[in-house]
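Please read the following report alongside the sequence and the coordinates of the model. It is written for a reader who wants the cut-offs stated together with the values.

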Amino acid sequence: MPEEVRVALIHAAIKWKDKEHNLRRLLALNEEAAAGGARIIVNPELATTGYAFESRRDISPFVETVPGPTTELFGALARRYGVYICLGLPEVDLKSGIYYNTAVLIGPDGRVMGEHRKLAPAFKENLWAARGNLPVLVAETCFGRVGVLICADTYWYKAARIAALKGARVLLIPANWPPHHYPPEVFWRARALENGVYVLACNRTGQDKTMNCNASQSFIIGPDGSVLKEVQSAHDTILYGTLPLKNGRFFTPGADILLGDRRPEFYAGITLDTFSQFEPEVLLGLSAGKEFAVATVQFAPWAGEPVRNSRRILSFLDQAADLAARRGMKLDLVVFPELAVTGAISQPSQAEELAEPVPGPVTGAVIRRAEKLDLYVVMGVLEREDGQLFNTAVLIGPAGLLGKYRKIHLSPSDREWARPGQEDFCFFDLPFGRVGLLLGHDLFFPESLESLAKQGVDVLCVPALWNDEKSQFIWEARIAEQMHLVVANQWGSNGSFCALGGSLIYSYSRYSERRVRLVSPVNEDRINIMLLNPQETRQKKFLEEVDYDLLLTHYKLF
């Protein structure tokens with residue numbers, strides 16, 4: 001029999017301001033889960049009280065200390081069954097009188113192992129709860145380390161990343177996240193995938209004072225971002241699952257690889273506090289910006305035939321400009337896939353044969369066409385410089401080559417032939433807004449995107465060569481970095497490599513109902529065009545006051 005540990009999520013119908021009822025039901029459900037063999041049990045956020053409080057005065061009858069009466073009750077249960085219990089409650093710090101939205105982790109001995117105070121209070125929580133002032137909680141269990149976060153802490157990547165860097169291989173997430181506002185599934189999956197860890201996200205159900213959570217979902221998510229188990233119910237439900245162990249410890253072999261592939265020497269930009277200022281646009285030197293038309297060109301390059309591909313690229317530029325004109329638009333920016341000129345590279349010898357300098361013959365031809373059409377082009381090329389090869393994105397405009405970005409995070413196939421980039425993430429000011437460049441595999445590393453977002457980038461252009469369908473959802477999760485996102489992917493087979501298409505234009509807005517997605521089919525050439533407004537990206541908000549020293553440190557194996 002394989003080694004495994006049973007876990008349980010208490011998807012409970014929490015009643016607002018009815019602490020006695022909630023405690024009675026939660027204790028019964030936790031005991032049922034423990035008796036059913038669960039060794040790790042997770043409860044919702046603010047499980048003892050419900051969520052929608054309007055002030056400190058409103059919630060003051062329900063706050064308590066940690067340790068306190070509630071942790072004593074659940075501690076007795078944990079001790080009786082030898083289990084770990086994670087639970088959300090409103091806490092008061094007796095020394096300061098400050099209230100916090102808190103999650104506690106109770107161990108099999110019945111004692112509180114640690115507490116996490118929510119780092120990102122959401123909406124009306126800010127009327128009563130202070131921002132958390134404790135380090136991200138990572139606790140050592142008999143199965144390995146677990147991290148504890150609360151609900152909206154996971155909308156941003158940093159807290160989960162810190163937990164993973166501290167050795168957590170399972171994230172416990174008490175939540176109170178209704179489904180109609182920024183549906184959380186994609187963000188929870190992203191936190192699992194980008195760190196290579198399991199996520200146990202325990203949401204609640206029932207009717208709160210001002211929100212209906214009956215359609216909310218709880219999830220058990222695997223280290224590849226796939227949903228292993230989920231539940232949606234208007235009634236109390238326990239979601240059970242199992243996590244694999246090896247030699248009695250959580251088994252997540254991908255975590256060390258992913259975390260070891262980070263390039264923190266290039267992440268200093270995430271520490272900048274540019275958007276807490278009164279006029280961030282002035283500070284960052286942003287132009288007023290204007291609405292602009294952007295296109296993705298998805299196509300299947302001919303493998304190893306740069307001359308034919310360059311002709312196709314020029315033809316696609318003409319087609320895109322014509323399509324925009326027929327729709328009454330002036331096309332401003334066109335994004336082509338990664339390695340658009342050569343197709344995927346299968347052998348180092350092939351890369352040596354096909355690489356060319358930048359600027360070179362192909363980029364020269366595109367420059368002339370960009371001048372003719374009065375537009376800007378982002379395109380992936382195989383670059384040679386001083387005998388070294390790079391996977392590069394170039395930005396071309398009517399005035400010529402404006403700049404280039406050499407891929408910093410290389411995929412396994414890139415490492416066969418390419419040198420990693422050694423220069424910082426770059427951005428460029430164009431007449432319509434500020435543009436940043438990344439390349440496909442960089443999207444696995446959220447630090448890349450935040451480094452650009454904090455520099456005021458309005459639109460992120462990502463030439464891609466993506467062949468993993470299970471992880472492709474990460475593109476849409478990156479809208480949380482608060483930039484318009486434009487990903488142009490190849491499609492089709494090239495030997496053992498098969499690109500998946502699905503090129504994406506995703507317009508960002510603070511208001512989820514105003515976000516628009518335009519996705520290409522998976523298996524055909526396609527030009528998609530969308531109008532984007534840079535003003536939608538100018539009111540960014542970031543999770544700050546975290547352990548930047550750790551985030552900028554190279555990962556060490558545990």
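The report below treats the domains, their interface, selected residues and the salt bridges in turn.

This is a predicted model, in which local features need pLDDT of at least 70 and side-chain atom pairs count only at pLDDT 80 or more, while totals for chains, interfaces and linings use all residues. Residues are numbered from 1 along each chain as its sequence is written, and side-chain values use heavy atoms, with hydrogens and water left out.

## Domains and their interface

The chain is assigned domain 1 (4-260) and domain 2 (290-539), the bounds coming from an automatic or database domain assignment. Between the C-alpha centres of domain 1 and domain 2 the distance is 39 Å. Contact, meaning heavy atoms within 4.5 Å, involves 18 residues of domain 1 and 19 residues of domain 2.

The size of an interface is often given as the accessible area lost when the parts come together. Here domain 1 and domain 2 bury about 1600 Å² between them, with 55% of it on carbon and sulfur atoms; buried area is the accessible area (1.4 Å probe) that two parts lose on being put together, summed over both. On the domain 1 side, Tyr157, Tyr182 and Leu193 lose the most area to domain 2, and together they account for 31% of what that side buries.

Two kinds of polar pairing are counted across the interface. There are four salt bridges between domain 1 and domain 2, a salt bridge being a side-chain nitrogen of Lys or Arg within 4 Å of a carboxyl oxygen of Asp or Glu. Six residue pairs, both members at pLDDT 80 or more, are in polar contact between domain 1 and domain 2; a polar contact is a pair of N or O atoms within 3.5 Å, where within protein one must be able to donate a hydrogen and the other to accept it, and residues adjacent in sequence count only if both atoms are side-chain atoms.

The elements that give two or more residues to the side of domain 1 that touches domain 2 are helix H4 (158-165) and helix H5 (185-195), and H5 gives the most, with seven residues. Helices (H or I, at least four residues) and strands (E, at least two) are DSSP runs, numbered from the N terminus. By class, that side of domain 1 has nine nonpolar, three polar and six charged residues, where Ala, Val, Leu, Ile, Met, Phe, Trp, Tyr, Cys and Pro count as nonpolar, Asp, Glu, Lys and Arg as charged, and the others, Gly among them, as polar.

## Selected residues in context

Glu481 lies in the loop between helix H12 (474-477) and strand E22 (484-489). With a relative accessible area of 1%, Glu481 is buried, a class that means under 20%, whereas exposed means over 50% and partly exposed lies in between (1.4 Å probe, protein chains only). Apart from neighbours within four places in sequence, Glu481 is in contact with residues including Tyr157, Pro446 and Lys540.

Thr392, in strand E17 (residues 388-397), is buried at 0% relative accessibility, and the side chains of Thr392 and Glu383 are joined by a polar contact of 2.7 Å. Glu385, found in strand E16 (residues 376-385), is partly exposed at 33% relative accessibility, and its side chain makes a polar contact of 3.0 Å with that of Arg406.

## Salt bridges

| Pair | N to O distance |
|---|---|
| Asp224 and Lys470 | 2.5 Å |
| Arg406 and Glu383 | 2.9 Å |
| Asp256 and Arg169 | 3.2 Å |
| Glu305 and Arg308 | 3.2 Å |

Arg406 lies in strand E18 (residues 400-406) and Glu383 in strand E16, so the pair ties together parts that are 23 residues apart in sequence. Arg406 is buried at 15% relative accessibility, and Glu383 is buried at 0%.

The pair of Asp256, in helix H6 (residues 253-260), and Arg169, in the loop between H4 and strand E8 (170-174), links distant parts of the chain, 87 residues apart. Asp256 is partly exposed at 30% relative accessibility, whereas Arg169 is buried at 10%.
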